[in-house]
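Reader: Hi, I'd like to go through this protein with you. Can you put it up?

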Amino acid sequence: MAELGSKGVTAGKIASNVQKKLTRAQEKVLQKLGKADETKDEQFEQCVQNFNKQLSEGTRLQKDLRTYLASVKAMHEASKKLTECLQEVYEPDWPGRDDTNKIAENNDLLWTDFHQKLVDQALLTMDTYLGQFPDIKSRIAKRGRKLVDYDSARHHFEALQTAKKKDETKIAKAEEELVKAQKVFEEMNVDLQEELPSLWNSRVGFYVNTFQSIAGLEENFHKEMSKLNQNLHDVLLGLDKQYSGNAFPVKAQPRKKTKLFARLRKKMSSDSTPAKANKSPSPPPDGSPITSPETKTVNHELEPSTLETPGASIPKSPSQNSLPAVVVETFPATVNGTVEGGTSSERADMPPGFLFKVQAMHDYTATDSDELQLKAGDVVLVIPFENPEEQDEGWLMGVKESDWIQHKELDQCRGVFPENFTERVQ
């Protein structure tokens, strides 16, 4: 009998729920058709909009934070493999082997600690913050259903009161249902009216704490990593000094001169004076610069490199060997979008368009007439190319400081040079 009673209660509850859904659906249809008024609370609707926005922002932040942590883990693995590679190639008789092993170990520990602290102080806090949203979202939805129930009960009560044939028993029952529905709705409404604004305001403190934690952890991590990198630099410097006679030769990045030759051919084909076209100079066998009056105009406009033949040799290192070139790609330093070094008006003692200074770290033997011959220690004032399209990767335009001080003339003194033979000093 108990089982039957239980089944009966369950069946009755199901029937009741089905009836509620039908009543709510009917009420919503009437409201959409304008045949029944709807209770609205604009202030609460604004709170709901804020809640949805806050949930969306929090979900995105959680996703991006997980992506960030995945990147940290990937960087940890990459750094670990790199240090393992160093340990493998570092031969036992080289000085500092024990130090490199210790640095590798500390590097691994530092990455592990950084990742774990990010999880503890940022991700878990993020998860806790978002954990409160599902329950509130469910309560907001339930409040909406109870509001429909309240409106439905109100309309039913009003309909019975205005009926021509009044049934006091039905009216009393409808009033009782209306009071009950209103009480359930208002209890839920009051709680949410208090919680939603408080939750919305809490986002500020949460964002502050989260990003402060991340920033602080990053700062400490990079400080400690900087110390390890400095230690590794010192160890390798000691190794370099001991084996300085076996230094890896530095070579210049090969230059591409197709654009310069195209300009030269165009210049010569459009020249209106046949004599000048017929006197197109070619480099002397000994490679000395061309100084004839007929060629100065061309040199000034196109730079000496435009007069080289297509078979011009590729720049080589001081040792002139055939080892592969070391490619170093750099760009002029900028500050707030402006090329560092100031304008010619700001630096009257410098060449027009002066960018910065570099110092030659190795001798460089010029292989073309438009190149600078460098000795280790020479200071070069870097200036921009007249035509940026003529700049080859890994090459800079400049004038040696000593030549500039003596002549103050760019046309005769400037030239290109391989950047990886120099080091920036200012």
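Reader: Which residues touch the most other members in the largest nonpolar core?
Author: F51 and L196, in a core of 31 residues. A nonpolar core is a set of buried Ala, Val, Leu, Ile, Met, Phe, Trp, Tyr and Cys residues joined through side-chain atoms within 4.5 Å. Buried means under 20% relative accessible area, with a 1.4 Å probe and protein chains only.

Reader: Which elements give two or more residues to this core?
Author: They are α2 (42–89), α3 (97–131), α4 (133–162) and α5 (168–242). The largest share, 10 residues, comes from α3. Helices here are DSSP runs of H or I, at least four residues, and strands are runs of E, at least two, numbered from the N terminus.

Reader: What does L196 touch?
Author: F44, C47, V48, F51, I136 and I140, leaving out residues up to four places away in sequence. Contact means heavy atoms within 4.5 Å.

Reader: How is the model made, and how are residues numbered?
Author: The model is predicted: local features need pLDDT of at least 70, side-chain atom pairs count only at pLDDT 80 or more, and totals for chains, interfaces and linings use all residues. Residues are numbered from 1 along each chain as its sequence is written, and side-chain values use heavy atoms, with hydrogens and water left out.

Reader: New topic. In what order do the five strands of the open sheet come?
Author: The order is β6-β5-β4-β3-β7, with antiparallel pairing. Two strands pair if DSSP finds at least two bridges between them. The edge strands are β6 (415–418) and β7 (422–424).

Reader: How many bridges join β3 and β4?
Author: Four. One partner pair is F356 with V382 in β4.

Conventions. Buried means under 20% relative accessible area, exposed over 50%, partly exposed in between (1.4 Å probe, protein chains only).
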